[in-house]
Amino acid sequence: MKIKSIFNNFSSEIKNTFQTFPATATLVILISIILSIVLDQKEQNFKFLVDGMLPFLILWGPGSFLAEVYFSSKKRIRWISICFFAAIALSFIFLSRQKDVSFWSIAADLNQYQIARTMLTWWIVLFIISIYGIFRKSNLDFNDFAIHVFENLTKIGIIAAILSAGISLISLIFIFLILDSKNYDSMMRLQVLINCNVVGIGFLSSLRNLKEEISSFFSIIVKYILNILLIIAFAIIYLYILRIFITQIVPSNEIFRIIAALFIIGLPIWTMTGFFPDDNLLVKVTKKLPYIFIPFLGLQGYSIGIRIFEYGLTPLRYLCVAMIIFEIAYIVLHWQKKGQTESILIIFSILTVAVLIVPGLNMFSSSIDNQKQTLGKINTASFEQWAPEEQRRIAGAYFYLKELDDGKQILEGLSQEQINSIENSSQYQDIFSQERYFVHQFTLDGIDIQGFKSLSEIHFYSNQEPVILNAVPFKNVEEESVITVDMSKLIQEYLTADPTNENEKAELTNRLITPEGDVIYFSLIQFSTDQEGKKAYVFFDGILLKQ
């Protein structure tokens, strides 16, 4: 009887979710199905799904979500709005098709493509405004709303984890006993299909049930476990500040990321804590953490300010400045509204628009303008006449602009003599070998496998800095070590190639022959270098042909 009651409640919840969000829930199901189909398949086999239908549904999602939030009681207007947002999503797909690259290549390159920035802004702003609309309709305080949503999401996460474990167990038993240890990809497809549906529809459901009483279990997690961990993290940062004053050391570059992550994690925790009365010291302290965070702003400002002063503005550094502005806005809002900070959703949406698409103000055009101004100094005096510190800034500006289409147009104004003076300088050579990111993908069609005894898929990943490349241990899909090879010579070819020279990039090989005569063909060569030119992480994927 109890199982029947649980099943009835579960089916009733799904039914109510589809009644509230019929279009969005349907999109979740369609996206889950497509993802399970295209998983681990060659893109050309499902080009329409991967490059057309899937991005269309994803771009349509937030618009559909917004229409069902704001026009839930006006059926005709709701469906007209849903169709309108579908047309906008379709126009994004059409515009992206004007470029001679895949949709996902465009979407991943915000630096080069205005359409990519517009799509990302569209998605974020519509989603945030939809969440704000649900909050307004809930008639709850923001702290109350937040803790109910997070408790519901926690339940969904637990259900998804249990389902994932159960599906894996059943699938493995079936594969071993019925399929003779073959067709493992079917298990992954089933995992994706079910978990995407559970998480997606569960998320929609979590925004509906906001009137239930918070469970004692979740209250303990927030009030005692999360609060204690957050307070300890704050204490460690204060100890670091104390260490700076005592030892007079320069703050680490990593401190900005640490503090930013602390704010992002801390914000929902102290927001949820605002739901509880001041009945213990932990709750009282956690509610004051936004104000205790204020000294961290100075540490962040110093950390990013030094980088901008020395190397100029880049989109990432612009985002860091925007993060500080967001933190200040939140703290001021928290003080003015006595902890009810729902307006931060609107502020976040405005900042997103400003950072990504506002002409002349967004992080891309602002970075180009700043670097252009720095590079312009070479027109007032020759490169050699500037002090070494200024030479480094000019060389850095040249390197940054050289990798951008808009930047190349600016560099056309330089003489060959000016270009040579920069590129031949030690400052430019230092920058050229530092903080670089490489992603090279190759197709493996048409490979001749005659004369080889075996073929196996291999991979290697490491983020243990520095990465040792003269003895890279590759593993197969079963995570068994199969071969160790020297990758240093091949990677050096990639390092010395000019990333802005398409001819040099086209000449890079994905083929490596070992001393034993075995051959590796790489489908992916991805790595980065840190500020000292050391390899910070590498990821290689490909096939091994053994003699």
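Is the crossing of H4 and H6 left-handed or right-handed? The crossing of H4 and H6 is left-handed, meaning that the near helix is turned anticlockwise from the far one by less than a right angle; clockwise would be right-handed.

Some ground rules. This is a predicted model, where local features need pLDDT of at least 70 and side-chain atom pairs count only at pLDDT 80 or more, while totals for chains, interfaces and linings use all residues. Residues are numbered from 1 along each chain as its sequence is written, and side-chain values use heavy atoms, without hydrogens and water. Helices are DSSP runs (H or I, at least four residues), numbered from the N terminus.

Back to the pair. Helix H4 covers residues 75-96 and helix H6 residues 114-138; their axes come within 10 Å and cross at roughly 155 degrees. Axes are lines fitted to C-alpha atoms over the stretch in contact, with angles from 0 to 180 degrees between N-to-C directions. H4 and H6 are therefore roughly antiparallel (over 145 degrees). The contact (heavy atoms within 4.5 Å) involves Phe 85, Ile 88, Phe 92 and Leu 95 of H4, and Ile 115, Thr 118, Met 119, Trp 122 and Leu 126 of H6.

Conventions:
Helices (H or I, at least four residues) and strands (E, at least two) are DSSP runs, numbered from the N terminus. Angles under 35 degrees count as roughly parallel, over 145 as roughly antiparallel, 65 to 115 as roughly perpendicular and the rest as oblique.
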